[in-house]
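Below is a note for a colleague who has not seen this structure before. Please read it with the model open alongside.

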Amino acid sequence: MTWLLRLQGGSLRPLRVNSMNIAVCIPWSSPFIWTRFTEASLNVKAPPGVNLQWVFGRGWSPARRHTDAIEKALNMGAELICIFGADQVPPPDLIERLYARFVEGYHVISALVPARGYFEHNINTKPFQPLAWRWKSTPLNENGKPVFRQYRNQELDGDMIEVIKADGTVQPIHIIGSGCIMFHKDHILSLQRPWFTETFDPLTYRRQATMDTHFSWRLINEAGATLWCDTGIKIGHLTDMLIDDTFQDRFDDFMDKSKPTSESAIVERKCPV
């Protein structure tokens with residue numbers, strides 16, 4: 001079967017998908033790794049007729065680890081590259097579903113990953129919500145002319161983007177993290193080097209988490225791709241959590257018998273008399 005891959009400038013390249021080499025790139029340098037990630041990854045199935053390889057990226061920073069993994073994947077002859085975080089839990093059919101979307105014509109396909117906590121600059125979001133964004137429509141002034149602004153970052157210009165709704169559909173997006181994203185090698189090769197860069201505050205040396213979202217936008221802006229998100233794929237995000245004395249008050253509704261979220265109501269639904 002042959003598909004047409006759209007590249008920068010709108011050009012099309014024939015692409016055979018009856019046999020494919022896919023590399024899952026894991027940006028991870030630590031000698032220690034999450035047990036749940038390892039167990040889940042061992043159960044991830046390869047699509048029929050696909051050669052699936054897993055490769056780890058090493059380096060001193062997230063940008064270097066991403067770059068190292070992709071360089072290794074290209075050297076191994078990978079045609080499709082899937083970046084996946086080692087602090088996440090993939091479903092067994094993850095690659096099958098992403099590859100099926102690719103065959104359907106979604107040539108840069110991603111999946112949502114729940115956030116670790118709450119980020120106040122993400123307007124109208126909930127704690128731990130999976131996040132991907134689209135540009136909002138350009139506003140018009142009183143004369144009906146578009147008002148253009150230069151986007152800087154989410155903290156300063158959060159009103160220019162909107163978080164998509166995870167309704168189980170495949171949606172076009174403009175910005176997403178690199179927790180789970182699959183693309184063709186021609187897309188990454190269409191980008192100028194470096195593919196990934198770190199941004200930090202020169203006074204505090206605090207790293208700003210824009211490396212992966214900037215990369216996703218470059219796939220659109222430089223590689224000429226359309227970025228898609230399959231909101232039906234469910235991925236877990238692992239974290240350590242210290243339980244302190246505030247946790248007992250965070251779920252008061254669990255003790256309120258009048259609410260459907262209470263312990264007694266849940267037991268009643270599961271074990272009706």
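Two residues are said to touch, or to be in contact, when heavy atoms of theirs lie within 4.5 Å. The model is a predicted one, in which local features need pLDDT of at least 70 and side-chain atom pairs count only at pLDDT 80 or more, whereas totals for chains, interfaces and linings use all residues. Residues are numbered from 1 along each chain as its sequence is written, and side-chain values use heavy atoms, with hydrogens and water left out.

1. Surroundings of R193. Leaving aside residues up to four places away in sequence, R193 touches T67 and E71. With E71, the R193 side chain makes a side-chain to side-chain polar contact at 2.6 Å. A polar contact here is a pair of N or O atoms within 3.5 Å; within protein, one must be able to donate a hydrogen and the other to accept it, and residues adjacent in sequence count only if both atoms are side-chain atoms.

2. R193 and its ring. R193 also lies over the face of W195, 3.9 Å from the ring centre. The rule for a charge over a ring is that NZ of Lys or CZ of Arg is within 6 Å of the ring centre and within 35 degrees of the ring normal. R193 is partly exposed, at a relative accessible area of 49%. Buried means under 20% relative accessible area, exposed means over 50%, and partly exposed is in between (1.4 Å probe, protein chains only).

3. Helices (H or I, at least four residues) and strands (E, at least two) are DSSP runs, numbered from the N terminus. The peptide bond from R193 to P194 is cis, with omega near 0 degrees. Most peptide bonds are trans, and most residues other than glycine have a negative phi.

4. Positive phi values. F128, which is not a glycine, has a positive phi near 70 degrees. F128 is placed in the loop between strand 7 (108-110) and strand 8 (133-135), and at 48% relative accessibility it is partly exposed. Y205 is another non-glycine residue with a positive phi, of about 60 degrees, and lies in the loop between strand 12 and strand 13 (207-208).

5. Aromatic pairs. How many aromatic pairs does the structure hold? There are six. Rings of Phe, Tyr and Trp (its six-membered ring) pair if their centres lie within 6.5 Å; planes under 30 degrees apart count as stacked, over 60 as edge-to-face and the rest as tilted. The rings of F200 and Y205 are stacked because their centres are 6.3 Å apart and their planes stand at 10 degrees. F200 is partly exposed at 45% relative accessible area, and Y205 is exposed at 65%. Ring pairs also join W135, Y151 and W217 into a cluster.

6. Helix 3. Helix 3 (residues 94-104) has the buried residues L94, I95, L98, Y99, F102 and V103. Seen down the helix axis, these buried residues fall within an arc of 160 degrees, so they line one face of helix 3. The arc is taken from the directions from the helix axis to the C-beta atoms. Just after helix 3, G105 takes a positive phi of about 115 degrees.

7. Helix 4. D157 belongs to helix 4 (residues 154-157) and is buried, with a relative accessible area of 0%. The D157 side chain makes a polar contact of 2.8 Å with the side chain of R149. Not counting residues up to four places away in sequence, D157 touches R149, Q150, Y151 and R152. E155 is also in helix 4, but is exposed at 64%. The C-alpha atoms of E155 and N122 are separated by 8.0 Å, the two residues being 33 apart along the chain.

8. Cysteines. A disulfide is a covalent bond between the sulfur atoms of two cysteines. The rule used here is a pair of cysteine sulfur atoms within 2.5 Å, and by this rule the count is zero.
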